[in-house]
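Hi there,

Here is the structure I promised to pass on to you. Have a look at it first, and then read on for what turned up.

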Amino acid sequence: TPAITWTSNTNSNLNVVSDTLTLRTQDLNPETSTNIFTCTATNTAGQDSKRIRVTIDIEPQLTTPQAPTQQSIGRNSVDIQWVEYLSSDYVKSYDICVSTTASTGCIQTINTASTQYSIGSLESATSYRISIVVNTVFGRSPTSATLTVTTNEPEPVQPEITTPQQDRSTTITSVASFESFSLTQSCISTGIPTPTITWTSNTNSNLNVVSDTLTLRTQDLNPEISTNIFTCTSTNTAGRDSKRIRISIDIEPQLTVPQAPTQQSISSNSVDIQWLEYLSSDYVKSYDICVRSTTDTECTQNINTVSTQYSIGSLESATSYRISIVVNTVFGRSPTSVALTVTTNEPEPVRPDIITPQQDISFVISSVNEFQSFSLVQNCISTGIPVPSIRWTSNTGRIYVVGNVLSIGSSHLRRSTDVDVFTCIATNFVGQDAKQIRIVKSIPLPAAENPTIYSVSANSIAIQWSLYDLVNYVSYYEICVGVPGQNGCRQSIRAYSSPYTIESLLASSQYSITIVVYTNFGVSPRSDALLVTTDPDPVRPEITTPVENISFTINSISNFESFVHTQFCNSTGYPLPTITWTSNTNSNLDVISDTFTIRTRDLDPEISTNIFTCTAINTAGQDSKEIRITIDVESQLTVPQAPTQQSISRNSVDIQ
């Protein structure tokens, strides 16, 4: 009879009674996909076996675990928990996946057997996604739903630069050390939030910075600034910190004396020099050339150039000069070189060339006010070898010169339309040069005032006019006497004052009279024409009333006492005669409008014949008529009565 045994690939402690195997859950190993239980029968002739295979395929049926929940959160951590999955007998552990909202994979993968966990090492103010997978004895569960959390903002911490710990200083004292200069400096800072690192410089805006590390070479330095400062600044919202690298460049005291310049060529007023280049052209900014005569202590010329050769001009001929050089470098000024001594050649004769004024000058005076106020001061300067003599000439005959300077005022100008020319002449034995100042007087003149009639006769016309505006510049007035409708002047008369009498005219004729003014500055426009008709030829007066002389005789006292006679005196003649009455006895005659009334009071009885004369007078002559009144009363006088005695004495008698 064979011996019966039960064996298993997963369990060595089987429940076998009388060759009968009883299997329960605890006899199975869920982590082995196939549990095999083998019954073996064995005797001396051999053995036989049969198997029981128990396959466990539960993993595909595992459910999705619930999403974890947030318990608490900080700036860099979050505490989570989740519901237990199945029985703890079947759960081996939990895998936690932590990812950012911007990432696709897990940035942290955590394995834990607990159903809660504190996740650390998180960035502040950052959103994360958290999910769970359960590791069971049957396999891995699906991934849970995602928990999204956002960590808190950090507490700001002011930056503090830890590298370098303090400012650095370096001094460069030679060109060699400047050319070989090299320095590398990183800048590391603490602070929350993470500070921003920047490098700046007082000399260079294009720094070589890689990952907050500054690398300096010679080309990053400015040798013209005594201290190059490179500043690392760490900045965040809490503040800032900075550290400096100070690189002092103090090379100027070590600069050597440049070599003296050498002469290349020389003339009477210039010398060409050259000199060796000083240092590298990268470091030389320019060269200062000092030129002084051997008798001067200061430079008479200071020349700056970037070249190593120069033509120095404006030198005096036959004169010794000392020429030295100072180099302006980026490190400072070099010492002064040894002086080169040169002597310029004797001068070549040069024809005069007037440089002031550079060309002829013209002025146009267009008003009397400009003429009266005209003023000009002009210097005359000329080049030439030997030095030219300067003189001024004028076609006006009036000139005022002090040294080489001409002064012109209105008193030096002619009162005419002629062009006034003032000439500067520079002369030496080689030749001469001249420049002119031309003053043109182009003054517009107003028309002459229109003449008016002053008086008219048969053979003359007297006219008058207002004085011309430019009275001080009037030469004379030209009176043109013409005939209306005909061109030209019958008479052309020069007059110097107003009024003026035009003579030798025809009687009863019409004339056209105009005036032009001849001034120092030209002839004025002609006035408007004055039309005047002369008077007829004069006619000698002829008294027509009375026609002849009149005579009266008074031969009685009564006739004398009652005498009255009125007489009108009328005369022909041209011009109209003037009528006057005169008397040989009376100067106070009663005459009204050429009519004379004679009364007793006008007679002088003691004169036998009282004569009253009417006289008509004009320019052609005169005529007269008389009224002769003869008083002949004496012959009619009667004999008077004899006197009578009133009283008498020894020596007298009173009578009446």
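Below are some notes on the disulfides, a sheet and one phenylalanine.

Please keep in mind that this is a predicted model.

Let's begin with the disulfides. A search through the whole structure turns up six of them. If you count the bonded cysteines along the chain, they pair as 1-2, 3-4, 5-6, 7-8, 9-10, 11-12.

Three of these links are worth a visit. In the link of Cys-290 and Cys-299, the sulfur atoms are 1.9 Å apart. The angle about the S-S bond is -100°, and this link is left-handed. Cys-290 is buried, because its relative accessibility of 13% falls under the 20% limit. Cys-299, with a relative accessible area of 31%, is partly exposed.

Next, Cys-380 is joined to Cys-424, with 1.7 Å from S to S. Here, two distant parts of the chain are linked: Cys-380 sits in the loop between strand 33 (375-379) and strand 34 (381-385), while Cys-424 belongs to strand 38 (residues 420-428), 44 residues apart. This link is also left-handed, with -65° about the S-S bond. Cys-380 is buried at 1% relative accessibility, and Cys-424 is buried at 0%.

Cys-480 counts as buried at 7% relative accessibility, whereas Cys-489 counts as partly exposed at 38%.

Which strands form it, and in what order? Four strands make up an open sheet, ordered 49-56-55-52, with mixed pairing. Strand 49 (550-554) and strand 52 (578-583) are at the edges; each has a single partner strand, so one side of each has no neighbour in the sheet. From one strand to the next, the twist averages 15°. Strands 49 and 56 (residues 621-631) run parallel and are joined by five bridges. To find one of the paired residues, look for Thr-553, whose bridge partner in strand 56 is Thr-630.

Finally, find Phe-371 in helix 2 (residues 368-373). Is Phe-371 buried or exposed? Phe-371 is buried, with a relative accessible area of 2%. Leaving aside neighbours within four places in sequence, its contacts include Ile-365, Leu-413, Tyr-473 and Phe-521. Ser-410 is another contact of Phe-371; the two are 39 residues apart in sequence, yet 6.1 Å apart in space, C-alpha to C-alpha.

Enjoy exploring!

Methods:
Residues numbered from 1 in each chain as written. Predicted model: local features only at pLDDT ≥ 70, side-chain atom pairs only at ≥ 80, totals over all residues. Heavy atoms only, no water. Buried < 20%, exposed > 50% of the residue type's maximum accessible area, 1.4 Å probe, protein only. Contact = heavy atoms within 4.5 Å. Pairing = 2+ DSSP bridges. Axes fitted to C-alpha atoms, helices over the stretch in contact; angles between N-to-C directions. Disulfide = S-S within 2.5 Å.
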